[in-house]
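Hi,

Here is the structure I promised to pass on.

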Amino acid sequence: MQSTIQCNYAFNIPGIRYLLPDNSAQSPLPETISDELLIRAYQHMRLIRIFDQKAIALQRTGQLGTYPSCQGHEGVNTAIGLAMHPDDVFVPYYRDQATLNLRGVKLSEILRYWGGDERGSNYKNCPQDLPNCVPIATQFCHAAGIASAQKIKGNKQATVVTGGDGSTSKGDFLEALNLAGAWHLPLVLVVINNQWAISTPRKAQCNATTLAQKAIGAGIPGVVVDGDDFTAVYDQVHKALQRAYLGKGPTLIEAITYRLGDHTTADDATRYRAREEVENAWKTESVTRLLNYLKIRELWSEEREQQWRVTCKETVDVEVKDYLNTPPDKPTAMFEHLYETLPRAYLAQYEELAVSTREDL
Amino acid sequence: MNAIASTHITRPVTLVEAINLALAHEMQADETVVVLGEDVALNGGVFRATVDLRKQFGLKRVMDTPLAETLIAGMAVGMSVQGLKPVAEIQFMGFIYATMEQVISHAARMRNRTRGRLHCPLVLRAPFGGGIHAPEHHSESTEALFAHIPGIRVVIPSSPARAYGLLLASIRNPDPVIFLEPKRIYRAANQTVENAGQALPLDTCFTLQEGQHITLVSWGAMIQETLEAAQQLAEEGIECEVIDVATISPLDRETIICSVAKTGHCVIVHEAARECGVGAEIAATLAEHALTDLRAPVKRVTGYDTIMPYFKQESLYLPTTEKIIKAVKETLDYD
């Protein structure tokens, strides 16, 4: 007689949305959402949208290096930035401008980084946060280490790490997710599913219905949120952080959004993406969705909108000026920050560079 | 084996016991030091390098990780930027390749990338090298892979005392260190080690014996064969200066150049494959800085540029005392 093992394979990944694409809202909104928060969020999302457009313009005019637009990510990243406590640690990938700025990274610093200057990662206002991570998914392992350190130290802090949909295909993501579950780490993993890993669409990335269900394999909660709905992302990140603070372990959040722009300024997404798909995504993206909701609720007016856009432009102009006026780093800085103390073995090379670049020669 | 960190004892220990002593000493002295890796806690490591540490320092500081090398290295990066000093074990160097993206793309450049805001004071330990009849992937000597990477250090001890002193120095070092342990000599000999927390300097070669006629440069397990060759050559009146490189990157070129200036001859001994090995870097250094002192071409005694054979034939691959003696005589006969 065949014996059986009792297994229950059923699992449920909740999908959460409050602000609907047609500008209406499911009521009530979560308790964590206040009118003031919505206004602040919208203002920041608009600022970052305007900043992003300026950054692309700077690249097109040869004043910035290759730049990854964050258009489409404003809702998710603003929600993460506003939900986090300053003492938490943020571990970004490379399209998290909206969160970085809320963490205290100046727009001029973001420009310095993409302008090819290492000083852009010397964050003055959030000294614990990690710099951009360009290799895919490696940052999830760093976040696991940081969350482990927080747990070892007994601090009531948490770590938030982000990555794209493509990053979930890498071992680094799965290794970190697995450990986070096994060790009950105070970690919030946010997969920003913008549908495209350069030219590879989400469906070609993974056959699972959701990316959040990868959490099931690690024995942790997974949730899908509408990444174009600020309120859903904010509430879920907030809840995940509370879980982490209470020692209840990690959460995986998949935020479904859309990369409205090219992968970077070096990419041409029209080669692999249908125009209609992009046009549709623009109809439901986060910045306009929140703006429309605020207008319906009479929390925001066309007049305030015009004023705010002027303010944003002025803010961005100041930051751009700061970036463009930054004197170049010392040539020898590449040696001076390589090790705490430059090994004797490299002193001759250091001298060679110093002498060849000395201004008074 | 008992790791005793609380008293400054002097006793003969093996190389692997010296590693354990250094870990225990530093964990006691500095509460930010943590140990992580596969099988390091409950089992004390497959070579017993971390034995008893869990008992002494608890689960929060001695952590058995899932079997995931990339994660171990990446976690060490994350822990180190948080002010901990992780000493992570990769069970065999043959499994270290999964860590290379983390080491090269993150650990090595965190300080530079953030202009000093964050840095990675981590140690990645791994047993390496052949000669213990291990399975495939367990015997290679691929230290040159890491030696090419700016921003890290690659340290290789060759005796219990140097293992103790160099590991202490590596843990105390504010930058990432790849600490490779020559497992063939883990238990080859006992040496008296004073467990007093005295570190040895990094970035410097150790001249193990002085001699007038030829400079022998080596590191790791091959120091044994090199010293044996020097002893046999001494019986024939050939005085060898023997240099243990110890920190293969950054390389202490000065000590080697000065020695060759004196002897005019040099043989480099390593068990790694020859092409693009660390021996090539030393030979190039001598060509650049000691050409007029050299009275014969620099010779290398190394493993072959082949896949490391499985253990039935590994003795054919590994340099031997006889091969070193032959190379020395050919070098001296040149002039």
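A word on naming before anything else: helices (H or I, at least four residues) and strands (E, at least two) are DSSP runs, numbered from the N terminus. By that scheme, Lys330(A) is found in the loop between helix H12 (302-324) and helix H13 (333-336) of chain A. This is a predicted model, in which local features need pLDDT of at least 70 and side-chain atom pairs count only at pLDDT 80 or more, while totals for chains, interfaces and linings use all residues. Residues are numbered from 1 along each chain as its sequence is written, chains are lettered from A and ligands numbered from 1 in the order in which they are written, and side-chain values use heavy atoms, with hydrogens and water left out.

On the annotation side, the unreviewed UniProt entry puts "domain: Dehydrogenase E1 component" at residues 43-326 of chain A. UniProt positions are in the numbering used here, feature names are shortened, and annotations may be inferred rather than shown by experiment. That stretch of chain A, residues 43-326, is 49% helix and 11% strand, with its end C-alpha atoms 27 Å apart.

Now the chain A sheet. The open sheet has six strands in the order E1-E7-E8-E4-E3-E2, with parallel pairing (two strands pair if DSSP finds at least two bridges between them). Strand E1 (15-16) and strand E2 (89-91) are the edge strands, each pairing on one side only. Three bridges tie E2(A) to strand E3 (residues 159-164) of chain A, and Val89(A) sits opposite Thr159(A) in E3(A). Two helices pack on this sheet. Helix H2 (residues 74-83) of chain A touches E2, E3, strand E4 (187-193) and strand E8 (251-256), and its direction makes about 165° with that of E4(A). H5(A) touches E2, E3 and E4 of chain A, at about 170° to the direction of E3(A). (Axes are lines fitted to C-alpha atoms, for helices over the stretch in contact, and angles run from 0 to 180 degrees between N-to-C directions; contact means heavy atoms within 4.5 Å.)

E4(A) is worth a look. E3(A) and E4(A) pair in the parallel sense over six bridges, with Gly164(A) opposite Ile192(A). Seven of the seven residues of E4(A) are buried, so the strand is largely enclosed by the rest of the structure. Leu187(A), Leu189(A), Val191(A) and Asn193(A) point one way, and Val188(A), Val190(A) and Ile192(A) the other.

Chain B has an open sheet too, with seven strands in the order E3-E2-E4-E5-E7-E6-E12 and mixed pairing. Strand E3 (62-64) and strand E12 (247-249) of chain B each have a single partner strand, so one side of each lacks a neighbour in the sheet. The twist averages 20° from one strand to the next. Strand E5 (residues 123-128) and strand E7 (residues 177-182) of chain B run parallel, joined by six bridges; there, Pro127(B) has Glu181(B) as its bridge partner.

As for packing, the largest nonpolar core has 79 residues, and Phe146(B), Ile178(B), Ile256(B), Ile282(B) and Leu286(B) have the most contacts inside it. (A nonpolar core is a set of buried Ala, Val, Leu, Ile, Met, Phe, Trp, Tyr and Cys residues joined through side-chain atoms within 4.5 Å.) Helix H5 (residues 138-153) of chain A gives the most to this core, with eight residues. Phe146(B) lies in helix H6 (residues 144-147) of chain B and, at 0% relative accessibility, counts as buried. Leaving aside neighbours within four places in sequence, the contacts of Phe146(B) include Met100(B), Val103(B) and Ile178(B). Met100(B) and Val103(B) are among the buried residues of H4(B), a helix (residues 100-107) with six of its eight residues buried.

Finally, the interface: the contact takes 43 residues from chain B and 45 residues from chain A. About 3,700 Å² is buried between the two chains, 58% of it from carbon and sulfur atoms (buried area is the accessible area, 1.4 Å probe, that two parts lose on being put together, summed over both). Gln82(B), Arg115(B) and Arg117(B) supply 23% of what chain B buries against chain A, more than any other three residues.

Cheers

Key
Buried means under 20% relative accessible area, exposed over 50%, partly exposed in between (1.4 Å probe, protein chains only).
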